[in-house]
Amino acid sequence: MASSTAGATGWLRGRVKAVPSGDSLVIMAITSNRPGPPPEKTITLSSLIAPRLARRGGSDEPFAWDSREYLRQLCIGQEVTFRVEYAVPSIGRDFGSVFLGDKNVAMEIVSKGWAKVKEQGQQKGEASPFLAELIRLQDQAREQCLGCFKKASDAAEASIRNLPPSSIGDSSNFDAKGLVDANKGKTLKAIVEQVRDGSTVRVYLLPDFQFVQVFVAGIQAPSMGRRPTSEIIVEKEITAVEANGGVSAEPRAPLTSAQRLAGSTGAGTEVAPEPYALEAKYFTEFRVLNRDVRIVLEGADKFNNLVGSVHYPDGETSKDLALELVENGLAKYLDWSANMMEEDAKRHLKNAELQAKKSRLRMWTNFVPLPTNSKAIHNQNFTGKVVEVVSGDCIIVADDSVPYGSPLAERRVNLSSIRCPKLRDRENDGKPEPYAREARELLRTRLIGQQVSVQMEYSRKVSTADVTAAASGPADSRVMDFGSVFLLSSVKGDEDVSSPAAPSTASSQPAGVNVAELVVARGFGKVVRHRDFEERSNYYDALMAAELRAMAGKKGQHSGKQAPVSHITDLTTSSAKKARDFLPFLHRGRRIPAVVEYVLSGHRFKLLIPKETCNIAFSFSGVRCPGRGEPYSNDAMALMRRKIMQRDVEIEVETVDRTGTFLGSLWESRTNMAVTLLEAGLARLQASFGTDRIPDAHLLEQAEQSAKRQKLKIWENYVEGEEVSNGTAAVIESKQKEVLKVVVTEVLGGGKFYVQTVGDQRVVSIQQQLASMNIQDAPIIGAFNPNKGDIVLAQFSVDNSWNRAMIVNAPRGGVQSPTDKFEVFYIDYGNQEEVVYSQLRPLDSSVSAAPALAQLCSLAYIKVPGLEDEYGTEAAQFLSEQTMGSTHEFRAKVEDRDTSGGKVKGQGSGTVLIVTLVAVDAEISVNAAILQEGLAKMEKRRKWDSKDRQVALDNLEKFQSEAKTGRRGIWQYGDVESDDEDTLPPTAAKKAGGRR
């Protein structure tokens, strides 16, 4: 029996969420002050009755579908005003009036003939306040034969849908796989009738009205839980949307075998919805429930359920439901169904999930990412010229911001997010992997010497140890820097690369061709599948698209063909005899094309001779650069790397030396490169090599004379008539010794001290690089573990400046606290101190690899007591006052070199220069002054002393005599010589030692 509802006279506003039938609507609140989906209410239009849609096993009443469609298209998604006028508790329904703007929805339906006014006996005491008008409009529609009142003989029968079994509850014969095969890749029109959860919908596929369940491809929304078993297993006659909220007249699909199994094992227990399940379901309902959508079938699962992509209209555009759910943190990426989709769609979903995780959206609120060994690099973009192509995915670029020719200019850049075949495959005896040479050759021909723009993106710590080493002990590791490289000039053949590519995370892309994309598009590299939260290229989408094009075109590694095999004879590792056997083949032709594979030194190179398919060692005829470890040797090598590394050149071979190195001349772009070296003051002519055999010999002589006149590099101390070398211990003709301009940076005991060379461009370059560094916050314990011998960045305690330093001692057992102390040696100044862990930073390999600038020196011809000896402290203090506390400029005359400390500079290691130190405006040397103060002794004379040494000792003798006479310092108690054995012949000294 009908009864009035208290307070039902109030008008409310809402939005139409669903239209279950031709006379009812589901209206939800526009706003809500409680979490979760907004409240909703089902309203049946007062005093109206519309034809009923088919139930299980039945059929539509005439005009039922047309009636529902008219109301759906009129109201779905629209804002309406409504009120409840009465309720019937026995059937659990609310009846009321709904207005769409100023239109009464009930009157609109009746006027079109799609619903009838209930007869007086059906009203049961309650009726619409607009009943009279509704009756008038119904009479008018009947007279005009509109809607349900059509009088054509076949109109009623034609309006009844011919429904397949799946639409009336019998899906036993439904062939999901057959439907997919027939419509794979096609866009199907559909109407969503039910939303089971955020990623599962039940739809009518038009025009056949197949009623199917579709899993949204590539995603899974949180589960809505499970009702008690009795509700699941018993198949009672219930409408599809009633299961979704009790508001529809559509049949419910039968249970799958999986659902029955889950119900039978559930033991009647109820499972609550997962977090954000209700929000995901509402999100989908709000956008697609009772809406026209487009579905692309991707596949079917083993339970006969369809998997497809759902697209819904949003204004003038169409949106992907899966992508929208993932972007809003209401669904996760699902591999098994995503594998049915195209690669481009999969990539968009994966990227959207990653962004939702980073933003901690909804279901990812408490997400904790797995640890990763990659770290983002910010604000390290630069331009430069490509010097070397290491492999298909690694190049070396000379930074434009560093002085030209400086070894510090070179920066190694690994191409982000791609991997190319290795040039040395450990599993194949070090031979190149297929297409490794082709990948490198592509970059060599395109990049060498070209201007590029580099965006550094991330770094990764990788292990350098092989499997056996890793098993036996802790593996060594190094940091690799990755970035995107853009070639500013494009040529024919770059059509494979999209220009410009849309970056995944960056706002803009520099002009030019993305080199990584070019490599991948040619099939010479593959895109790395990164884990979640692993740093990647800013242009990852473009790389994936390029890989798809290469796969479709069957290019390179994707062709299925074997890579071309090339056999190169390497004469650099063969015997000198074999090299001499090749000489006739290289000597018979004049200029031979070659490729510079590697710069071994300023004047020696490894070349590839394509015509003869061999590698040779090649050196300039009659031209030599400073040797390894000597001043300007690195500058000469850096210049040649900039000029000819991996370039196409021409050579003329004159002969081959006894080591198997071919001698001759080399031209790049018609320029004799030996002339370039000599003009820069980085090489000298060898008089012993006959100039009559050297092409362009006159040009070489002119270049050397020009460098001498300008006093460039090795000729900076050149005096006309005196061949002074800046890098060797003696001179060629006059034997005048090397003199360096220096500043003293640190004083040790025993007459030893560290100096820096005045005017050394390496000092300026390193200082500029250190000044340009962006010093980050204190390192995280565990991420940065400096070990003994490592070169790091340390903060000097006196002035808080950051300088290069070598770890001398580290805490045992690794770093446990930011206050753990490390003993460090500042390699550019020579001083040493203890600093805490928080004052250390990792240092880029391009800066740490540069040679130390501090040179260890010792005063020549004198013996200075050590710090532990008597007067040792006074001697060190005097030397410090004379040098570090002075503003004088010093000249260090190199008398000898002590190489017993090895070749590598470090804490007290490396070559020690034995020098006479003189201030510019001083009358005597520091060596003489320390003798004069009685704080040192002269070295003993030897019978085999050179003339220079004898003269030097004669000059120092008077200063030592003056100290003895004045009883100064160590002579306070007279001449107390304690090393008489030094004056004995070697055999006598040996005997004396034996007696002791």
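Ring pairs join Trp65, Tyr204, Phe209 and Phe211 into a cluster. The model is a predicted one, and a search of the whole structure gives 19 aromatic pairs.

**The aromatic cluster**

- A pair of aromatic rings is described by how far apart the centres are and by the angle of the planes.
- The ring centres of Trp65 and Tyr204 are 5.7 Å apart and the planes stand at 90°, so this pair is edge-to-face.
- Trp65 belongs to helix H1 (residues 64–75) and Tyr204 to strand E10 (residues 200–205), so the pair ties together parts that are 139 residues apart in sequence.
- Trp65 has a relative accessible area of 9% and is therefore buried.
- Tyr204 is also buried, because its relative accessible area is 0%.
- Trp65 forms an edge-to-face aromatic pair with Phe209 as well, at 5.1 Å centre to centre and with 85° between the planes.
- This second pair links distant parts of the chain, 144 residues apart: Trp65 is in helix H1, while Phe209 is in the loop between E10 and strand E11 (210–216).
- Trp65 and Phe209 are both buried.

**Helices H12 and H16**

- Two packed helices are described by the angle between their axes and by the distance between those axes.
- Helix H12 (residues 343–358) packs with helix H16 (residues 540–552) at an angle of about 160°, and the axes are 10 Å apart.
- Angles over 145 degrees count as roughly antiparallel, and H12 and H16 are therefore roughly antiparallel to each other.
- H12 and H16 cross in a right-handed sense.
- Sorted by class, the contact of H12 with H16 contains four nonpolar, four charged and one polar residue.

- Glu652 lies in strand E31 (residues 648–656).
- The relative accessibility of Glu652 is 8%, so this residue counts as buried.
- Leaving aside residues up to four places away in sequence, Glu652 touches Arg590, Arg591, Phe618, Leu663, Gly664, Ser665, Trp667 and Pro695.

Methods:
Residues numbered from 1 in each chain as written. Predicted model: local features only at pLDDT ≥ 70, side-chain atom pairs only at ≥ 80, totals over all residues. Heavy atoms only, no water. Axes fitted to C-alpha atoms, helices over the stretch in contact; angles between N-to-C directions. Helix = DSSP H or I, 4+ residues; strand = E, 2+ residues; numbered from the N terminus. Parallel < 35°, antiparallel > 145°, perpendicular 65-115°, else oblique. Left-handed = near helix turned anticlockwise from the far one by under 90°. Nonpolar A, V, L, I, M, F, W, Y, C, P; charged D, E, K, R; others polar. Phe/Tyr/Trp six-rings, centres within 6.5 Å; stacked < 30°, edge-to-face > 60°. Buried < 20%, exposed > 50% of the residue type's maximum accessible area, 1.4 Å probe, protein only. Contact = heavy atoms within 4.5 Å.
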